[in-house]
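I opened the model to look at how two chains meet. My notes follow in the order I looked things up.

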Amino acid sequence: MALLQISEPGESTAPHQHRLAVGIDLGTTNSLVATVRNGVAVVLNDHEGHPLLPSVVCYSRGRVQVGCPAQAEQACDPKNTIVSVKRFMGRGIRDVAHIENCPYDFVDAPGMLKIRTTAGTKSPVEVSAEILKALRLRAEQALIGNSGMELVGAVVTVPAYFDDAQRQATKDAARLAGLNVLRLLNEPTAAAIAYGLDNAAEGVYAIYDLGGGTFDISILRLSRGVFEVMATNGNAALGGDDFDHRLYCWVVEKAGLSLLSPEDTSVLLIQAREAKELLSAHAETRITATLSTGQFIDLTVRQQEFWEMTRNLVAKTLAPTRKALRDAGLAVDEVKGVVMVGGATRMPHVQQAVGELFRQVPLNNLDPDKVVALGAAMQANVLAGNRPSGDEWLLLDVIPLSLGIETMGGLVEKILPRNSTIPVARAQEFTTFKDGQTAMSMHVVQGDRDLVADCRSLARFELRGIPPMAAGAARIRVTFQVDADGLLAVSAREASSGVESSVTVKPSYGLTDDQITQMLKDSYEHARDDVHARALREQQVEAERMIEASESALREDADLLCAEEIETIRAELATLRRLAAATDHRAIKQQVERVNRVTGPFATRRMDRSVKRALTGRNVASIGP
Amino acid sequence: MSDHLTQNFFELFGLPERFQVDGEQLDRAYREIQAAVHPDRFVNAPEAERRVSMQRATHVNDGYRTLRNPVRRAAYLLRRHGVDPQFETDTAMPAAFLVEQMEWREAIEEASGSADARELDHLSARLAGELKRMYAEIGRQIDERGDFPGAAETVRKLMFLEKLGMEIGDAMEALED
């Protein structure tokens, strides 16, 4: 028997459908997924009720294990058990500190290292994708079940101090895991959202985020409905792992050990991490282990000793903190509160040092492990369009490191300075230095030092086809555009002769769309139907989104168009609707692009109107066409 | 239909075209416009709208950055009045001003050489007062007298002082490390 739904008079039977979106904290040590349910952000637990998924992937015995089962393999199969893979994202072998202590069989590859495992050579992007896939499945099981709904997308967090290579790698990993990335969000900004909304905070706040492998400090101004990042700084290779490593070195020295096997190194590192955690609450703790040589280790470490051996690690977080304050143009007493984020902030000597610097007790009234995921979920909920218009908030974030180009003598010409609010674009003109020069090579770098050698190389490309001219006559305009994800696109154009030549680069580690598609295909193990079904579904979703958005735009702002324009748009939409009902995903894609072209001018005019509305306080009646 | 990308930044934020601007009004207008055009509002929109949104938000950020900072705001106004501030080429400054600059530099070097944080703080406060005086001067030159060449010279002086501010900051940072 069919049940009839009866609605109150005036109430629609189909209320605005809630779109499922999640926030993911892809951490060095642990990862989490959260969502907003009935207006409240919640972390989604696994079957056994655990919120944290250890960021560990094990490739052995012909299968891939993620999380706790993988962690259990760490001591006995360290070579195939990848921990803290976040440290390798967008990094070459030379970039990773203490790499000699990693038990892995590294392969250097252009832009990003790879790891040889029993399951083949894996890039950090693929390893991270396994973690993200596990979180996606967890979310789908918890949220979708048999409801027939789809996950519209995810906000994935990254350390604020991540450079372009690391951000691009993270986005690629999410796509590889089958996630639609709504936005890459900086971790301290996510924490600020969660903290700010829960506490109705107003004023200037510092977010001190010391995670497993990264440190960020962000200074934000919170005011009604606006989260504005004033400055950010940090160290993308400093975190709780380094404290473990210090303690591990202490054990090695105290016990007089040398030439440890990878298995013994793993055992001692695990012991060191446990001891570090215990020392947050105890005056001393024991470290015991039996090595493969039969040697028995039994040492007692006192809290004071541990603080002493890691004092300079704590100091390494304070220098960037002062820099961020200075960049924000603020004195310490102008900061209203310091929010502590990340598991490593549980260490009392970290709390004490931060308290002394800011001359106030740091705020710890939220779970430092969960706050980033919760904030990401809140942002995902806004981006998915689940909050009524006017009830959203605005997030203004910045780039953490300056972006520039190499000039003569190995010097960097900065084009976009650090702490520029995104999205941002800037152009700079360059010229040729030889008569008749027809090509010019460009080297894009990121960092705040003056020498190219001290900055990170992002991409090299060549602009060809410059018409031969006298030296200094060519006008090559190089434009840097950073989008709302903090990702860079560079284009160059020779303009003086009217001949235009342009190129857009993706940083060198980046995967092309084709590569991602290929990896996705491989992961489906030649199940062609799946790949096709997935491509078709993706295009259908895009088509539906386009039809829905265009029709609502026509309802609201048809007066911005002449009759002929309206007719053209309607005709193209009708074609799109017809194609979306069939099964040719390429045809749908082409038609989506056509609709994009014909609605371009309409989009521009609508944007102009909304700017006017914003300025005139929504006084629509006073706005002329 | 006017195109906002070609509109001048004062019109964009609904402000009178003057050097002296109401900072709060600028902040408010910036946030209101950004709330309307920011890419976060168009995540689910078709490609065409997402593209326009990124262009607009980029332009609005550029305008805010230009008007928020006194040196950039003054330079922008000068260019709009056909005066090239000649920041890079025209370095001829009055001798008295250059002598003053040397004195500032010596004071900073001395304070940082003797690791005197208190003196650096003191210099920083004195510099802030000096900057304020110059902002007022540029305001009179541009808004009241329409003396653009005169304002251009004050702006060039201002750039020297901003550089001093950075040096004081660097010296403070060096003491902290």
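I checked handedness and found that helix 8 of chain A and helix 7 of chain B make a right-handed crossing. Right-handed is said when the near helix is turned clockwise from the far one by less than a right angle, left-handed when anticlockwise. Helices (H or I, at least four residues) and strands (E, at least two) are DSSP runs, numbered from the N terminus.

I noted that the model is predicted: local features need pLDDT of at least 70 and side-chain atom pairs 80 or more, while totals for chains, interfaces and linings use all residues. Residues count from 1 along each chain as its sequence is written, and chains are lettered from A and ligands numbered from 1 in the order written.

Next came the geometry. Helix 7 of chain B spans residues 148-176, and its axis lies 11 Å from that of helix 8 of chain A, at an angle of about 160°. Axes are lines fitted to C-alpha atoms, for helices over the stretch in contact, and angles run from 0 to 180 degrees between N-to-C directions. The pair is therefore roughly antiparallel (over 145 degrees).

Which residues make the contact? Helix 8 of chain A brings Arg322(A), Lys323(A) and Arg326(A), and helix 7 of chain B brings Gly169(B), Glu173(B) and Glu176(B). Contact means C-beta atoms, placed from the backbone, within 7 Å. I sorted them by class: no nonpolar, one polar and five charged. Asp, Glu, Lys and Arg count as charged; Ala, Val, Leu, Ile, Met, Phe, Trp, Tyr, Cys and Pro as nonpolar; the others, Gly among them, as polar.

Then I took the whole interface. 35 residues of chain A touch 33 of chain B. Helix 14 of chain A gives the largest share of the chain A side, 13 residues.

Terms used
Contact = placed C-beta atoms within 7 Å. Parallel < 35°, antiparallel > 145°, perpendicular 65-115°, else oblique.
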